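Student: I have a structure open and would like to learn how to read it. Could we go through it step by step?

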Amino acid sequence: RQGILESTLKKSPIAPNVPLSFIAQKTEGFSGADLAEFCQRAAKAAIRDAIAAEELKAGDDAMDAETASEITRKHFEEAFGGARRSVAGADLAKFDQFRKKFDPVYKNAATGDGCMIQWP
């Protein structure tokens, strides 16, 4: 999940006090699409705040434009308000059982037998 968050937000300015590892922990069970939507919601909240700040500013140079456009903790908190998991826990368990049954790499790693890939 952290990797998905990092790649989704790689071109977005994130406030330095926003730990993506913490967000990854809080989004347990989210699919990649769920995480992408979550990041879009946070980015849109930051854009709305930047536009509102620009309108209020109206020629006053007191606010730094870079700070106003960062995605902050507040924006991620707003995004959590609309966040949802699209895959139920029962479905995740089914996918996990399917993977254990049919993925030889996963099966061998789970049983401790090591990886048995037949390389050409």
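Student: Is F80 buried or exposed, or something in between?

Tutor: Burial is judged by relative accessible area: under 20% is buried, over 50% is exposed, and partly exposed lies in between, with a 1.4 Å probe and protein chains only. F80 has a relative accessible area of 29%, so F80 is partly exposed. F38, in contrast, is buried, at 1%. Before going on, note that this is a predicted model, where local features need pLDDT of at least 70 and side-chain atom pairs count only at pLDDT 80 or more, while totals for chains, interfaces and linings use all residues. Residues are numbered from 1 along each chain as its sequence is written, and side-chain values use heavy atoms, leaving out hydrogens and water.

Student: Which helices hold F38 and F80?

Tutor: Helices are DSSP runs of H or I with at least four residues, strands are runs of E with at least two, and both are numbered from the N terminus. F38 sits in helix 3 and F80 in helix 5, 42 residues apart. The protein has seven helices and zero strands.

Student: How many aromatic pairs are there?

Tutor: Rings of Phe, Tyr and Trp (its six-membered ring) pair if their centres lie within 6.5 Å; planes under 30 degrees apart are stacked, over 60 edge-to-face, and the rest tilted. The structure holds three such pairs. For F38 and F80, the ring centres are 4.6 Å apart and the planes meet at 55°, so this pair is tilted. Their pairing links distant parts of the chain. Ring pairs also join F38, F76 and F80 into a cluster.

Student: What about F98 and F102?

Tutor: They form a tilted pair, 4.8 Å centre to centre with 45° between the planes. Because F98 and F102 are four residues apart in helix 6 (residues 89-102), about one helical turn separates them. F98 and F102 are both exposed.

Student: How many residues are in the largest nonpolar core?

Tutor: A nonpolar core is a set of buried Ala, Val, Leu, Ile, Met, Phe, Trp, Tyr and Cys residues joined through side-chain atoms within 4.5 Å. The largest one here has 16 residues, and those with the most contacts inside it include I23, F38 and F76. Helix 2 (20-26), helix 3 (32-57) and helix 5 (73-81) each supply at least two residues of this core, and helix 3 gives the most, with five.

Student: Which residues does I23 contact?

Tutor: Contact means heavy atoms within 4.5 Å. Leaving aside neighbours within four places in sequence, I23 touches L5, V18, F38, F76 and F80.
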